[in-house]
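This report sets out the architecture and selected contacts of one protein chain. The sequence and the structure are shown first.

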Amino acid sequence: MFPNSILGRPPFTPNHQQHNNFFTLSPTVYSHQQLIDAQFNFQNADLSRAVSLQQLTYGNVSPIQTSASPLFRGRKRLSDEKNLPLDGKRQRFHSPHQEPTVVNQIVPLSGERRYSMPPLFHTHYVPDIVRCVPPFREIAFLEPREITLPEAKDKLSQQILELFETCQQQISDLKKKELCRTQLQREIQLLFPRMFPYFACPLESRLFLVGSSLNGFGTRSSDGDLCLVVKEEPVNQKTEARHILTLVHKHFCTRLSGYIERPQLIRAKVPIVKFRDKVSCVEFDLNVNNIVGIRNTFLLRTYAYLENRVRPLVLVIKKWASHHQINDASRGTLSSYSLVLMVLHYLQTLPEPILPSLQKIYPESFSPAIQLHLVHQAPCNVPPYLSKNESNLGDLLLGFLKYYATEFDWNSQMISVREAKAIPRPDGIEWRNKYICVEEPFDGTNTARAVHEKQKFDMIKDQFLKSWHRLKNKRDLNSILPVRAAVLKR
């Protein structure tokens with residue numbers, strides 16, 4: 001993706017891309033090729049100590065030829081190393097004045113594995129990066145569990161299901177975003193000491209894929225959301241975050257201009273850099289230390305796969321809201337995140353609930369105090385939820401529109417997924433005189449604060465009411481959402 005970077009080459013040959021298991025940790029050392037493959041794949045490598053790769057050949061010739069960059073030139077090989085076969089010689093990652101000779105200092109035994117900020121999609125460990133490079137393993141995009149789609153016995157439910165199957169994000173879409181995230185993280189970590197000298201260590205910086213791309217509610221046209229975590233402590237969004245994003249924006253406009261286009265710094269409450277990756281053609285939003293976005297990504301991901309009607313219902317409602325122009329926080333309407341919370345809240349408040357409050361049932365899995373490198377484990381610890389509610393997708397869509405058109409009290413109630421019910425509005429300044437109140441499950445803020453004009457609020461309510469009447473009368477999805485046009489947008 002970034003071929004001018006020393007970390008952007010060499011490409012893997014097909015046989016390297018098929019590895020799915022660890023290399024066996026044995027008393028023997030890794031070959032040069034294994035080490036290079038591992039270095040290329042390892043996202044948290046100590047980039048300041050990495051050896052620059054100069055040449056690589058495949059086939060029947062020597063597996064690899066390397067030469068250290070001037071910054072890493074060391075002593076000549078010891079005489080007893082010269083007679084070793086090529087694949088038995090060690091690649092050096094240490095200074096020339098301290099070359100380890102014990103194999104286990106380079107490749108730790110299984111009992112010495114250390115976990116530190118594991119990648120979101122990886123299930124293998126992240127060992128001590130100063131002393132070893134882990135073996136290559138292909139990224140595994142695993143869902144929390146196998147889940148079958150619900151049956152559709154009526155026309156409306158069938159339309160919803162067909163729209164979902166056509167428009168839902170594919171594994172290939174997710175891999176494109178993950179590849180861009182991986183490459184950008186390497187670039188940022190490589191430049192970290194120069195760009196952010198006032199933070200302690202380049203390895204503390206980590207780029208997370210968050211939002212709809214990962215929470216289970218993405219479509220084929222969903223943008224990618226990235227969160228750059230530079231330290232565990234909170235970052236002042238008006239000063240520190242803006243300064244960091246200014247430097248990132250400048251870097252995108254200069255060194256990465258061949259691979260990133262239209263970078264734009266948006267000075268919002270949570271500032272972001274918007275850009276487009278030329279390789280994957282995906283639009284991205286990058287923020288700094290918006291930690292709550294990482295936590296709610298995995299909370300929503302758990303809800304998404306808890307019950308098989310949740311994802312199809314959310315997707316069709318997002319498509320409906322987008323078609324009626326009430327799904328754009330930048331224009332004073334509802335964000336996709338607020339819409340998802342509204343759907344989850346509705347499913348929690350049915351006479352026979354389809355969803356529970358995960359934060360009440362599993363407080364240890366969804367605590368705001370859980371360290372970030374453990375957050376991704378939460379979806380795997382929650383079993384499927386068995387609801388007695390057998391409503392089909394068509395009835396649920398109709399009920400969702402009716403609930404917010406006629407039943408929910410916008411003036412005095414707040415939508416709370418955390419409590420699994422509508423609760424009275426708080427009396428704080430953030431909630432006072434707000435048209436729509438949707439509680440963020442972790443930090444308690446209002447996710448619908450963008451709806452600050454009465455005209456936009458009235459437009460939102462009007463669409464709920466009109467769509468409910470149309471759908472109730474015709475029981476045809478096309479009456480509220482042109483299915484063909486929605487499919488073309490994907």
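## The β8–β9 hairpin

In the hairpin formed by β8 and β9, four residues lie between the strands, and A420 takes a positive phi near 60°. The two strands pair in the antiparallel sense over four bridges, where pairing requires that DSSP finds at least two bridges between two strands.

## Basis of the model and overall composition

This is a predicted model, in which local features need pLDDT of at least 70 and side-chain atom pairs count only at pLDDT 80 or more, while totals for chains, interfaces and linings use all residues. Residues are numbered from 1 along each chain as its sequence is written, and side-chain values use heavy atoms, with hydrogens and water left out.

The protein has 16 helices and nine strands; helices (H or I, at least four residues) and strands (E, at least two) are DSSP runs, numbered from the N terminus. Of its 490 residues, 52% count as buried. Buried means under 20% relative accessible area, exposed means over 50%, and partly exposed lies in between, with a 1.4 Å probe and protein chains only. The accessible surface comes to about 23,300 Å², and carbon and sulfur atoms hold 51% of that surface; the areas come from the Shrake-Rupley method with a 1.4 Å probe. Among contacts with a separation of 6 or more, 68% join residues 24 or more positions apart, a contact being heavy atoms within 4.5 Å.

Helix α11 covers residues 336-348 and has 13 residues. From its first C-alpha to its last the helix reaches 18 Å, close to the 18 Å expected at 1.5 Å a residue; the expected span is 1.5 Å times one less than the number of residues. Because 11 of the 13 residues of α11 are buried, this helix is largely enclosed by the rest of the structure.

The buried residues of α11 include S338, L339, H345, Y346 and Q348. Their packing partners are the helices α9 (291-304), α10 (310-323), α14 (393-407) and α15 (454-474), together with the strands β8 (413-416) and β9 (421-424).

## Strand β7 and its neighbours

Strand β7 (residues 282-288) is mostly covered, with six of its seven residues buried. Strand β4 (residues 224-229) runs parallel to β7 and is joined to it by five bridges; here L228 has V288 as its bridge partner in β7. Strand β6 (residues 272-277) runs antiparallel to β7, also over five bridges, and K274 has D285 as its bridge partner in β7.

The hairpin of β6 and β7 has four residues between the strands, and C281 takes a positive phi near 60° there.

## Salt bridges

A salt bridge is counted where a side-chain nitrogen of Lys or Arg lies within 4 Å of a carboxyl oxygen of Asp or Glu. By this rule the count comes to 20 salt bridges. One of them joins E187 and R255, with the closest N and O atoms 3.9 Å apart. E187 lies in helix α6 (residues 171-195) and R255 in the loop between α8 (240-253) and β5 (260-266), so the pair ties together parts that are 68 residues apart in sequence. E187 is buried, at 2% relative accessible area, whereas R255 is partly exposed, at 40%.

E240 forms a salt bridge with K231, the closest N and O atoms being 3.4 Å apart. E240 is partly exposed at 25% relative accessibility, while K231 is buried at 17%. In the salt bridge of D427 with R432, the closest N and O atoms are 3.9 Å apart. D427 is exposed at 62%, and R432 is partly exposed at 43%. Salt bridges that share partners also join E261, R262, R276 and E283 into one network.

How many disulfides are counted? The count comes to zero disulfides, under a rule that requires a pair of cysteine sulfur atoms within 2.5 Å. C253 is partly exposed, with a relative accessible area of 37%, and C380 is exposed, at 59%.

K474 is found in helix α15 and is exposed, with a relative accessible area of 62%. The C-alpha atoms of K474 and L156 are separated by 9.5 Å, although the two residues are 318 residues apart along the chain.
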